[in-house]
Amino acid sequence: MAEVKLEGVWKIFDGVEAVKDLDLKVRDGEFMVLLGPSGCGKTTTLRIIAGLEEPTKGRIFIGEKLVADAEKGVFIPPKDRDIAMVFQSYALYPHMTVYDNIAFPLKLRKVSKQEIDDRVREVAELLGLTELLKRKPRELSGGQRQRVALGRAIVRKPQVFLMDEPLSNLDAKLRVRMRAELKKLQRQLGVTTVYVTHDQVEAMTMGDRVAVMNFGVLQQVGSPDEVYNRPANVFVGGFIGSPPMNFLEGTVTPDGFISFGAFKLKLLPDQVKALEELGYAGKDVLFGFRPEDVYDALFAQVKIPGENMVRVKVDIVENLGGEKIVHLRVGDLSFIGKFPPESLVKEGQEVDVVFDMKKIHIFDKR
Ligand code: ADP
Ligand code: MG
């Protein structure tokens, strides 16, 4: 086990800046998720930690050990970094049994037969593969194959696990089960893990912390709760959550409202104070709020001052059974609400909605 530290890491591929000035510290034993859209530099970051790519600039530490330093020309190859990787394609050896697939990394390292046998059986037990040890990969389901790939990664007890979208080839149901199993396994083993995904639900459910990236740039690092409830910027607010956060352009008025033309909302006293300190009073801003933080007034559980009730037009209602996703409009502004299943909203009608002002976000309008 070890912490993993990236300092000022850049990776430039013939002019393409895949990773830009990345500083990231993964704590000992932590499950860190790298989250972001396709092409944002997640895989490149993981490959740099693994030693499959050299950073263009910057330094990488695994534990106390400096494993890469572009300036000093230090570069420790993957096999000497004591890491194990799991990829999206499990890359099992098709001609080998489950047993031999799991045993392979130990055989490479010339571990004794007895110890190999002990370790393989221990790992198989942990992953529920004991009954399958004699099978070949083609005789396994997708989930079982993924477990064998995990078994091969954990059999060596490496200092760090590096996982690149390891669940993305599984069907939706299995993915949900495997993400819980994988999280539990990581807790049991306590091995520092860097896990790459573009799936925000995976990131939120598995990560101790989530590092959100966009265009090669780290946007925010925080617990799932922090990145959800206190997004550092519009990108993070919009990327995490489903349906995504709503954004409306508004103006902070000197008398403590945020005005959208068609309606205005009264800000809470501490928000007014904070906005004044930031110099936002009288300025155009982006007003962000999550679909679950705007309520059908008939079902509003929050105590709300009358100023924050707004009459809106219902454009579309998507009934998901457990909730209703409603597309709302007021003047030329539109946004999405998440209402309880009992809500009686109907398409084409008008409805009063209430904003939970404690949950709103105000971002600088660039
Ligand atoms: P992600 O895993 O987040 O989808 P990647 O790290 O794979 O993103 O890619 C980040 C950027 O770097 C992309 O623009 C990609 O096209 C580019 N890139 C990745 N690997 C290479 C490479 N070997 N050569 C050139 N460009 C690359
Ligand atoms: Mg990738």
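Student: Which residues of helix α2 are buried, and what makes a residue count as buried?

Tutor: Do keep in mind that this is a predicted model. In α2, which covers residues 98–108, the buried ones are Val98, Tyr99, Asn101, Ile102 and Ala103.

Student: What do the buried residues of α2 pack against?

Tutor: They pack against α3 (113–127) and α4 (142–154). Contact here requires C-beta atoms within 7 Å. Following α2 comes lysine 110, with a positive phi near 55°.

Student: How many of the protein's residues are buried overall?

Tutor: The share is 37% of the 366 residues. The chain folds into nine helices and 21 strands, and its C-alpha trace spans about 75 × 50 × 35 Å along the principal axes.

Student: Why are β16 and β19 said to stand at the edges of their sheet?

Tutor: The sheet is open, with five strands in the order β16-β20-β17-β18-β19 and antiparallel pairing. β16 (294–296) and β19 (333–339) each have a single partner strand, so one side of each lacks a neighbour in the sheet. From one strand to the next, the twist averages 45°.

Student: How do you know that β17 and β20 are paired?

Tutor: Pairing calls for at least two bridges found by DSSP. Strands β17 (residues 309–319) and β20 (residues 350–355) have five bridges, in the antiparallel sense, so they qualify as a pair. Valine 310 stands opposite valine 353 in β20.

Student: What makes a residue part of the shell around ligand 1, and which residues are around ligand 1?

Tutor: The C-beta atom has to lie within 6 Å of the ligand. The residues around ligand 1 are Phe13, Val16, Ala18, Gly36, Ser38, Gly39, Cys40, Gly41, Lys42, Thr43 and Thr44. β2 (16–26) and α1 (42–50) each supply at least two residues of this shell, and α1 gives the largest share, three residues.

Student: How do the residues of that shell divide into nonpolar, polar and charged?

Tutor: Four are nonpolar, six polar and one charged. Lys counts as charged, so Lys42 is the charged one.

Student: What does UniProt annotate over residues 4–240?

Tutor: The unreviewed UniProt entry carries the annotation "domain: ABC transporter" for that span. In the model, residues 4–240 are 36% helix and 28% strand, with end C-alpha atoms 25 Å apart.

Definitions and conventions: Residues numbered from 1 in each chain as written. Chains lettered and ligands numbered in written order. Predicted model: local features only at pLDDT ≥ 70, side-chain atom pairs only at ≥ 80, totals over all residues. Buried ≥ 20, exposed ≤ 12 C-beta atoms within 10 Å, placed from the backbone. Helix = DSSP H or I, 4+ residues; strand = E, 2+ residues; numbered from the N terminus. Contact = placed C-beta atoms within 7 Å. UniProt positions renumbered as here; feature names shortened; annotations may be inferred. Axes fitted to C-alpha atoms, helices over the stretch in contact; angles between N-to-C directions.
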